[in-house]
Amino acid sequence: MKNLLLTFILSCLPCIVWGQAYGYTIRQEIEQDSIVYYASNDNFCPYYMELQLQVDSLLWGKPYFFILPAQTTLHRVASYPKPARAGKVGYVVYAFFGNPSQKPDTSHVYSLPYAPKTKHFIMQGYLGRFSHRNQYALDFKMDIGTPIHAARGGVVIKVKQDSDKGGRTSAFAQHGNHIIIYHEDGTLAYYYHLSKDGSKVKVGDKITQGQWIALSGNTGWSTAPHLHFIVKYATENGYGSVPTWFRTSKKERTYLKAWKKYKAKS
Ligand SMILES: [Zn+2]
């Protein structure tokens with residue numbers, strides 16, 4: 001698991017969540033003979049978490065894996081006997097949006113993530129060799145400032161819109177503005193590269209399919225203005241992604257392909 005998580009971290013930096021900015025809190029208490037951990041979650045989706053004690057930066061004991069449900073107050077999640085080794089006690093935590101026991105509903109039909117009757121070209125499709133290796137992601141070419149509409153209803157669990165930086169190297173990945181919407185089947189839609197202050201929604205907002213949520217942009221790791229769209233779900237080894245059906249002006253449901261243009265239904 002550790003290796004898989006590490007691989008995941010190296011390959012998918014923007015997807016990692018750390019601490020309070022994401023609505024969860026971990027508190028460490030030293031109680032008599034043990035080190036006890038408490039966690040709370042103010043966010044609107046569960047987290048799948050791995051937590052492990054550290055002594056002087058060395059991992060100690062066995063890791064705990066647990067689900068931290070949405071909207072829960074501080075409660076005990078892990079406890080270790082006080083380590084025999086003297087040193088500074090701390091912990092590492094990995095947190096993933098979602099719950100691995102929930103399976104994605106692959107029959108759901110998504111709408112195109114832009115305004116009715118507008119058309120966009122797919123620059124890179126599922127498993128594309130440029131930057132979508134092993135990812136069911138879609139890149140829709142669009143001018144900066146194009147309205148983005150929710151492809152599926154859900155609740156907003158993350159908004160980043162403070163960046164005006166974009167560029168062609170992975171160093172820019174952390175600067176990508178994005179919105180994440182959590183769906184009822186436990187999947188998460190990521191809308192990436194949005195413009196600065198381009199969000200029309202905030203964390204906790206309930207969103208309906210087709211609702212205007214943002215303006216597109218070119219922030220983060222990006223070679224040209226576009227929307228990067230991906231549907232992910234938590235697994236015990238990090239995130240997976242799924243291909244999804246879309247409704248277009250021509251078809252009730254279809255999978256989208258690279259190098260084609262698709263018009264949103266009116
Ligand atoms: Zn992409």
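**View 1. The site of the zinc ion is irregular, with angles of 52 to 155° among its four donor atoms.** For reference, the ideal angle for four tetrahedral donors is 109.5 degrees. The model is predicted: local features need pLDDT of at least 70 and side-chain atom pairs count only at pLDDT 80 or more, while totals for chains, interfaces and linings use all residues. Residues are numbered from 1 along each chain as its sequence is written, and side-chain values use heavy atoms, with hydrogens and water left out.

**View 2. Donors of the zinc ion: H132, D139 and H228.** Donors are N, O and S atoms within 2.8 Å of the metal (3.2 Å for Na, K and Ca); water is not among the atoms, so sites may look incomplete. Along the chain the donors follow the spacing H-x6-D-x88-H. H132 counts as buried because its relative accessibility is 0%, and D139 counts as buried at 5%. Buried means under 20% relative accessible area, exposed over 50%, and partly exposed in between (1.4 Å probe, protein chains only).

**View 3. An open sheet of three strands in the order β4-β3-β6.** The pairing is antiparallel. The edge strands, β4 (58-68) and β6 (89-97), each pair on one side only. From one strand to the next the twist averages 15°; axes are lines fitted to C-alpha atoms, for helices over the stretch in contact, and angles run from 0 to 180 degrees between N-to-C directions. Strands (E, at least two residues) and helices (H or I, at least four) are DSSP runs numbered from the N terminus, and two strands pair if DSSP finds at least two bridges between them.

**View 4. Pairing of β3 with β6.** Strand β3 (residues 47-55) pairs with β6 in the antiparallel sense over nine bridges. The bridge partner of L51 in β6 is V93.

**View 5. S57, a residue with positive phi that is not a glycine.** Its phi is about 70°. S57 lies in the loop between β3 and β4 and counts as exposed because its relative accessibility is 63%.

**View 6. D197, with a positive phi of about 55° although not a glycine.** D197 lies in the loop between β14 (188-194) and β15 (206-207). With a relative accessible area of 53%, D197 is exposed.

Definitions and conventions
Tetrahedral: all angles 85-135°; square planar, octahedral: opposite > 155°, others 65-115°.
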